[in-house]
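Me: I am about to look at a protein structure that is new to me, and I would like to go through it slowly, by question and answer.

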Amino acid sequence: MKKRFLGNSRLEVSAIGLGCMGLSHGYGPAVDKKHAIELIRSAYDKGVTFFDTAEVYGPYLNEEVVGEALQPVRDHVVIATKFGFTFGEDNKQQILNSRPEHIRKAVEGSLKRLRTDSIDLFYQHRVDPDVPIEDVAGTIRDLSAEGKVKHFGLSEAGVETIRRAHAVQPLTALQSEYSMWWREPEESIIPTLEELGIGFVPFSPLGKGFLTGTIDAQVSFGDDDFRSKVPRFAAEAREANQHLVSLVKNIAQGKGVTPAQIAIAWLLAQKDWIVPIPGTTKLHRLEENLGAAPITLDGKELANISNALKKIDVVGDRYPESLKARVGR
C-alpha cells in the first residue's frame with residue numbers, strides 16, 4: 001500500500017483508509033463484533049494504516065471495536081475519531097455540543113474506548129453554531145499540549161470556519177463527503193485546503209454504495225439504514241442517477257477494473273493529499289476497494305471523465321432537510 005501525507009503536518013497514512021462506521025452504525029444492525037475485528041485486522045494486514053471512527057457511531061460501540069481490533073498494532077496505525085455530540089437519555093438523539101468542557105469529557109471517553117494514550121487525529125464532527133470555533137480550536141490546542149491529541153481536524157465545515165480554526169490551532173485534515181456524485185468541494189473547499197496546507201479525507205467515496213453499480217430503483221433500505229431517509233436514494237432519484245453509474249461502469253470496463261475501483265482511483269488522482277476512507281462490512285469488498293490504490297488515470301482519462309461528469313445532473317439532495325443545516329457551516 002502506498003502512503004500519503006495529510007497536509008503540511010506530514011501525518012503519514014496509507015493512501016486509502018478504512019471508514020469503520022458501517023460496522024456499527026448507519027447501514028443497518030451492527031455486525032458481529034468478532035467479524036468486525038477480523039475485518040479491521042485484515043485491513044491492517046493488507047497495508048491500511050489509517051482507521052476512522054467516532055463516538056457517535058453506536059454511540060460508542062464503534063470506538064470500542066476499533067480500539068480492541070487495533071490494540072496489538074497501536075504503534076503502527078493512525079486512528080481518527082470525532083467529538084461534538086451528546087446523545088440524550090436514550091442515546092438516540094444527536095445534540096450538537098462542542099463546549100470546551102464537553103470536548104474534555106469526550107476525549108477522555110475516546111481514549112478509554114480506543115485503548116490508547118493519545119488520539120492521532122481528533123475531528124470536530126459537526127460545527128456547533130453555539131460555540132465559537134476559536135474556543136473549540138483553543139481547547140484542542142490545550143489537549144495537544146497535554147499530549148492527549150496529536151492532530152486537529154474538522155468535518156463538513158465551511159471555508160470561513162476552516163480559516164478561523166486554522167488560525168488558532170493548525171488543522172491537519174478536513175473530512176467531508178466527496179466523490180464523483182458530490183463534487184461541491186471542488187468549488188472552494190479544495191482550493192482553500194491547498195492554500196493552507198490541510199489534507200482532505202473524503203468519506204462516502206463510493207456514494208454510499210451507489211457508485212459500485214449494485215444499487216438500482218428496485219433496491220429497498222430498512223428503517224435503520226440511513227439511506228432510507230436520503231432524498232438521493234429515493235427510488236426515482238436512483239433511477240435517474242443510473243446515467244452516472246453507466247459512465248463509471250464504462251470507464252471501469254475499459255480499464256479492466258471494477259466501478260468501485262474507478263471511483264476511488266479518481267479521487268486519488270485529484271490531489272496527492274487526498275485520502276479516501278471507503279467503508280465495508282465484507283472482506284471481498286475491502287480487497288476490491290484497496291485494489292484501487294495502484295490504478296493510474298492519466299491526464300487524458302481524467303479530462304474525459306471530467307467532461308463526461310459535467311454533462312450529468314445528479315438528482316436528489318445528499319441529506320434530508322433535518323440535517324442540511326449541520327453541513328457547510
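Reply: In the second largest pocket, strand β10 (residues 171-177) gives the largest share of the lining, 3 residues. Strands (E, at least two residues) and helices (H or I, at least four) are DSSP runs numbered from the N terminus. This is a predicted model, in which local features need pLDDT of at least 70 and side-chain atom pairs count only at pLDDT 80 or more, while totals for chains, interfaces and linings use all residues. Residues are numbered from 1 along each chain as its sequence is written, and side-chain values use heavy atoms, with hydrogens and water left out.

Me: Which residues lie closest to the centre of the second largest pocket?

Reply: A pocket is an open set of points on a 1 Å grid over the protein atoms alone, where a 1.4 Å probe fits and protein lies on both sides within 12 Å along at least five of seven lines; lining residues have an atom within 4 Å of a point. The second largest pocket has a volume of about 280 Å³, taken as the space filled by probe spheres set on the points. Of the 18 residues that line this pocket, the closest to its centre are E156, W182, E184, R318 and V327.

Me: How far apart are the end C-alpha atoms of helix α1?

Reply: Helix α1 covers residues 33-45, which makes 13 residues. The expected span is 1.5 Å times one less than the number of residues, so α1 should span 18 Å. The model agrees with this, because the end C-alpha atoms of α1 are 18 Å apart.

Me: Which side-chain oxygen reaches the backbone nitrogen of K34?

Reply: A polar contact is a pair of N or O atoms within 3.5 Å; within protein, one must be able to donate a hydrogen and the other to accept it, and residues adjacent in sequence count only if both atoms are side-chain atoms. At the start of α1, the atom that comes to within 3.1 Å of the backbone nitrogen of K34 is a side-chain oxygen of D32.

Me: How many of the residues of α2 are buried?

Reply: Buried means under 20% relative accessible area, with exposed over 50% and partly exposed in between (1.4 Å probe, protein chains only). Among the buried residues of α2 are N62, V65 and L70, and their cover includes α1 and β4, where contact means heavy atoms within 4.5 Å. Helix α2 is mostly covered, and its buried residues number 7 of 10.

Me: What do the buried residues of α9 pack against?

Reply: Helix α9 is mostly covered, with 10 of its 12 residues buried, including P259, W266 and L268. The buried residues of α9 pack against β1 (3-6), β11 (199-203), α8 (242-255), α10 and α11 (299-310).
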